[in-house]
Amino acid sequence: MKLSLVELSTVAPGGDKAQALRHSVDAAKQAEGLGYHRIWYAEHHDSASTASSAPEILIALAACATSRIRIGSGAVLLNHYSPYKVAETYLQLEALAPGRIDLGLGRATAGPIVDLALRRDRDVPPTDDFAEQVQEVLAYFNGRFPADHPFAHLNPAAGVASRPEVWILGSSGNSARMAGQLGLGYAFAGFINPYGAERALLRHAAFATPAVNESAGGRGILSVSAVVADTDAEARRLNWSRTALMTRLARQGTAAQVPTVEEAERELSQEQKDTPTVITDGRWPRQIAGSPETVRDQLEQMTKATGVDEVMVQDIIADPAAQAHSRALLAKALDIAPAGE
């Protein structure tokens with residue numbers, strides 16, 4: 001099983017965004033040293049609890065600080081941007097770190113005001129043209145515009161010997177078929193929709209065609225929220241911060257900040273604290289938490305059900321030291337090792 005990481009640049013309690021961004025670059029160095037396969041940086045806007053609004057900046061910094069791990073976006077919210085600009089940006093990153101850049105593409109809303117601020121054209125209502133946008137990005141990468149297309153003479157890939165891996169990210173399963181038919185990898189956000197993960201990833205595999213990029217095409221990634229500690233009880237306790245953050249976000253909106261474990265303990269009901277963090281009666285949890293052995297068992301069950309060989313972990317843990325320890329424990333539990341060892 002390959003193990004990867006999606007880094008949110010979480011702002012620790014009492015910290016600031018500058019600290020969170022430095023920690024995100026350090027996370028790439030730690031992940032590479034532990035043998036993680038890739039690290040992706042998220043794109044969140046107008047958020048007090050996270051600092052990563054421009055993943056391409058963190059990708060560039062992390063690429064310069066590492067030498068082997070794959071680095072990418074999880075995801076670029078393509079519905080807000082020009083495909084040409086996205087293609088140029090990630091080709092430039094690929095030139096800086098050949099063979100190590102991933103372009104994860106997704107679509108999401110950040111709320112009506114942020115969406116308006118990000119909109120490419122504010123004079124017309126937004127349209128859902130995600131599939132067309134993805135194909136335009138691929139055409140810039142591979143020079144596959146029809147000869148009479150107005151963009152056919154554009155060549156942003158000139159002088160760049162390799163191409164980023166392209167992945168489609170989703171949480172509903174709607175884009176699984178498209179990713180498969182385009183020969184692209186597909187990453188499913190099980191921490192958002194655990195009940196849809198199996199169906200979506202199997203659907204992607206069923207429609208997979210010969211890859212546009214052989215290293216990514218036809219492959220799937222299961223993304224989960226996971227907290228690992230020395231004991232099951234301590235992991236569940238650390239996980240309270242994420243549970244309380246979700247409650248704060250529902251109440252306070254984007255101003256919500258990550259609570260300490262002690263704050264979360266006071267804010268959560270006993271029922272919330274006792275929410276299952278392992279598969280229970282066949283139902284997958286939104287958040288996995290446990291000892292290394294417990295979490296390894298959960299991930300093995302999930303990868304067997306979905307048919308994937310790679311898990312990508314999101315971990316909202318208030319204490320950066322506990323977060324680093326969680327990542328190290330999980331790497332050891334899954335018996336991964338740095339390349340060359």
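Good morning. Contact here means heavy atoms within 4.5 Å; buried means under 20% relative accessible area, exposed over 50% and partly exposed in between, with a 1.4 Å probe and protein chains only. Helices (H or I, at least four residues) and strands (E, at least two) are DSSP runs, numbered from the N terminus.

Please note that this is a predicted model, in which local features need pLDDT of at least 70 and side-chain atom pairs count only at pLDDT 80 or more, while totals for chains, interfaces and linings use all residues. Residues are numbered from 1 along each chain as its sequence is written, and side-chain values use heavy atoms, with hydrogens and water left out.

Let me turn to the chain as a whole. Its secondary structure comes to twelve helices and ten strands. The radius of gyration is 20 Å, close to the 20 Å that the globule rule gives for 341 residues, so the chain is as compact as a globular protein of that length. That radius is taken over C-alpha atoms, and the rule is 2.2 Å times the number of residues to the power 0.38. Along the principal axes, the C-alpha trace spans about 65 × 45 × 40 Å. Of the 341 residues, 52% are buried. Among contacts with a separation of 6 or more, 72% join residues 24 or more positions apart.

Two loop residues remain. Where is Thr10 placed? Thr10 sits in the loop between strand E1 (2–7) and helix H1 (17–34). Thr10 counts as buried because its relative accessibility is 14%. Setting aside residues up to four places away in sequence, Thr10 touches Ala20, Ser49, Thr50, Val258 and Ile316.

Ser67, in turn, lies in the loop between H2 and E3. Beyond its neighbours within four places in sequence, Ser67 is in contact with Glu32 and Arg100. From Ser67 to Val227 there are 160 residues in sequence and 27 Å in space, C-alpha to C-alpha.

Thank you.
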